[in-house]
Amino acid sequence: MDLTGLIITTVAISVSGVMSPGPLTASAIMVGARGSEKGGLLIALGHTIFEFPYILVIAMLYSSVTVLIENSIVNFALTVAISAFIFFFSYLTIRDGISVLRLKREFKGGRGGYAYNPLLIGLLLTGLNPYFLLWWLSVGMPLIRMSMSMGLQVLLVMYAAHVWMDYFWLALMSLAGEGSVKILRSRGYGALLVALGIILILFGLDICLKTFLNFRLLPI
């Protein structure tokens, strides 16, 4: 396969994963709704900070990484960690939404502490997600192997062909969240926060059920 073919294959394989509903997508909408103009881009940057080194490690130590990630104890620990973060994040979001609904206050934007840091959100929801880690060890592995067969520089090209979609999609979702606030009154904004919090809870439950009971709550 030549370089052009690799790029086309990368886009074709990556697009469904990048643009599928999930915690990163819901979080990008949420940070946009909270008034973070660059929230989606920062989430994507946090995602990249973990993803790119992870891909390099896979390229060099595939067997060792596979054994580690597929270990049930490691998988369970990652699931507990990411679920705890998602549930805490959801709690804060729903709490703020209910507060807006009760007080009928206008949205001021820019509120929230470390839990609303888009860079941290992108980093944690990527690095603690066992299914993301396994994606590169399964679906994404042919891309890594084809790239490395042509040299490290080609691996960089492959990753660039993949990661731009993360930035595009998450920035778009963040803008959608920000735009929704502009057309909603305070009560509508509060309802949006509650809805996003519930959606995040569903994603967290889905991850837990899939790991511990091999059961999918969401058909995605």
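Helix H9 gives the most to the nonpolar patch, with five residues. The model is predicted. The patch lies on the surface and is formed by Phe76, Val80, Ile198, Leu202, Leu205, Phe212, Leu213, Phe215 and Leu217, which together have about 800 Å² of accessible area. Two elements, helix H4 (72-103) and helix H9 (186-213), each give two or more residues to this patch.

Leu205 is one of the patch residues and lies in helix H9. Its relative accessible area is 36%, so Leu205 counts as partly exposed. Patch residues need over 30% relative accessible area, and Leu205, at 36%, therefore passes that cut-off.

The other feature is the largest pocket, with a volume of about 830 Å³. It is lined by 31 residues, and those closest to its centre are Gly17, Ser20, Pro21, Asn129 and Phe132. Helices H1 (3-18), H2 (23-33), H3 (39-70), H5 (118-127), H6 (130-137), H8 (152-183) and H9 each give two or more residues to the lining. H6 has the largest share, with five residues.

| Class in the lining of the largest pocket | Number |
|---|---|
| Nonpolar | 15 residues |
| Polar | eleven residues |

Conventions: Residues are numbered from 1 along each chain as its sequence is written. This is a predicted model: local features need pLDDT of at least 70, side-chain atom pairs count only at pLDDT 80 or more; totals for chains, interfaces and linings use all residues. Side-chain values use heavy atoms; hydrogens and water are left out. Patches are made of residues with over 30% relative accessible area and no salt bridge: like charges are joined within 9 Å, nonpolar side chains (Val, Leu, Ile, Met, Phe, Trp, Tyr) within 5 Å. Accessible areas come from the Shrake-Rupley method with a 1.4 Å probe; for residues, only the protein chains shown count as cover. A salt bridge is a side-chain nitrogen of Lys or Arg within 4 Å of a carboxyl oxygen of Asp or Glu. Helices (H or I, at least four residues) and strands (E, at least two) are DSSP runs, numbered from the N terminus. Buried means under 20% relative accessible area, exposed over 50%, partly exposed in between (1.4 Å probe, protein chains only). On a 1 Å grid over the protein atoms alone, a cavity is a set of points where a 1.4 Å probe fits but cannot get out, and a pocket is an open set with protein on both sides within 12 Å along at least five of seven lines; lining residues have an atom within 4 Å of a point. Grid points are joined across faces, edges and corners, and a volume is the space filled by probe spheres set on the points. Ala, Val, Leu, Ile, Met, Phe, Trp, Tyr, Cys and Pro count as nonpolar, Asp, Glu, Lys and Arg as charged, and the others, Gly among them, as polar.
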